[in-house]
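Here is a protein model to look over together.

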Amino acid sequence: MSFQLTILGTGSATPVLNRHPTSHHLIIDQEGYLIDCGEGTQLQLLAYKLRPSKIKYIFITHLHGDHYFGLIGLLSTFNLHRRTDDLWIFGPEGLAEIITIQLKYSDSRLMFKIHFTETDTEKSYQLFENEHVTIHTIPLIHRVPCCGFLIREKERKRNLIKEIIPAGLSYEDLKRLKDGYDILDENGQILYKNQDYTTESSNKPRSYAFCSDTLYHRPIIDQVKGVDLLYYEATFLDELSQRAFDTNHSTALQAGMVARDAKVGKLIIGHFSSRYKVLDDHLTEARSVFPNTDLAVEGESLLIGNSGVNHV
Ligand SMILES: [Zn+2]
Ligand SMILES: [Zn+2]
């Protein structure tokens, strides 16, 4: 199963050339997930050849414009492309109302159904699950309600011991064995015991945590403990730590500290203030406490694999 992230935006609130506001695109087993949708996200999707029609789930961290001003544009484009597939959108209180009003006054009638789910940004809980992943909220400290998202692959399916699998088992029976169930006969008696025909998957479930705008806040560390890949905002350098504190943002050093203390596999940092034209110091600062750090770079893709995170 693929688990691939592409960075679409690395900037923060003030526009700057060559840096777009926040958006991350994930492909997990052929399905598209978008986390945040800053202005211009749909153009970034085009630039990096990611098919908007594949996006099934959209998660918005908070209602500052650099995290969702691209949403209405993307929805309108879905309509122009005659999308009929349902779309699931998760975000804080107010998002559904804003989108509904924008659609109302532009007299847009969508050809597809949107399922809105309001996030409770005050607590960590399971927001979403499907066949492949669970997604938990990560409460963040910001000027408006805000939460990050922790995406965890579900336990891998069991491996079939092909040499001894009885001939003639149906696809459904094989699927049941892979899912960890026994095969029963019509009377409910065990025909094939799962443990006799399968072994546990040796691959550990993969995980990715997205922490957008937030004050450095130690409870986040517990929430992202041990994830394979952590994205954490680094709006400022540590010399502006007071400014970070005043505006409910973090520094590159703090991003490194979260990654180090949470013992994550790899850290990427982004949401850079427009005041920084070059980002070398951000990287140096974060790496001083957590060496396996990279800058988020627009258009770059990272594959979260069984042996770590690799640039594609
Ligand atoms: Zn922001
Ligand atoms: Zn913000």
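**Labels and what backs them**

Q: What makes H2 mostly covered?
A: Of the 10 residues in H2, 7 are buried, and buried means under 20% relative accessible area, with exposed being over 50% and partly exposed in between (1.4 Å probe, protein chains only). The buried ones are Leu71, Ile72, Leu74, Leu75, Thr77, Phe78 and Asn79. As for the name, helices are DSSP runs of H or I with at least four residues, strands are E runs of at least two, and both are numbered from the N terminus.

Before going on, this is a predicted model, where local features need pLDDT of at least 70 and side-chain atom pairs count only at pLDDT 80 or more, while totals for chains, interfaces and linings use all residues. Residues are numbered from 1 along each chain as its sequence is written, chains are lettered from A and ligands numbered from 1 in the order written, and side-chain values use heavy atoms, leaving out hydrogens and water.

Q: Which elements do the buried residues of H2 pack against?
A: They pack against strand S3 (31–35), helix H1 (41–47), S4, strand S5 (87–91), helix H3 (95–105) and strand S6 (114–118). Contact here means heavy atoms within 4.5 Å.

Q: Which residues coordinate the zinc ion (ligand 1)?
A: Asp66 (OD), His67 (NE2), Asp213 (OD) and His271 (NE2) do, at 2.1 to 2.2 Å. The cut-off for donors is N, O and S atoms within 2.8 Å of the metal (3.2 Å for Na, K and Ca), and water is not among the atoms, so sites may look incomplete.

Q: Why is the arrangement around the zinc ion (ligand 1) called irregular?
A: Four donors count as tetrahedral if all angles lie between 85 and 135 degrees; four count as square planar and six as octahedral if opposite donors are over 155 degrees apart and all others between 65 and 115; anything else is irregular. The 4 donor atoms here subtend angles of 91 to 167°, so the label is irregular.

Q: What ties together parts that are 204 residues apart in sequence?
A: His67 sits in the loop between strand S4 (55–59) and helix H2 (71–80), and His271 in the loop between strand S16 (266–270) and helix H9 (280–289), so this pair does it. Both His67 and His271 are buried.

Q: Which residue coordinates both zinc ions?
A: Asp213 does, with ligand 1 and ligand 2 lying 3.5 Å apart.

Q: How do you know whether Asp66 is buried or exposed?
A: Asp66 has 9% relative accessibility, so it counts as buried. Asp66 lies in the loop between S4 and H2, and its contacts include Asp213 and His271. The UniProt annotation "active site", from an unreviewed entry, covers Asp66; such annotations may be inferred rather than shown by experiment, feature names are shortened, and positions follow the numbering used here.

Q: What about Thr235: buried or exposed?
A: Its relative accessibility is 4%, so Thr235 counts as buried. Thr235 is in the loop between S15 and helix H7 (241–246).

Q: What makes the link between the side chains of Thr235 and His271 a polar contact?
A: The distance is 2.9 Å. A polar contact is a pair of N or O atoms within 3.5 Å; within protein, one must be able to donate a hydrogen and the other to accept it, and residues adjacent in sequence count only if both atoms are side-chain atoms. Thr235 also has a side-chain polar contact with Glu233, at 2.4 Å.

Methods: Lists of a residue's contacts leave out its neighbours within four places in sequence.
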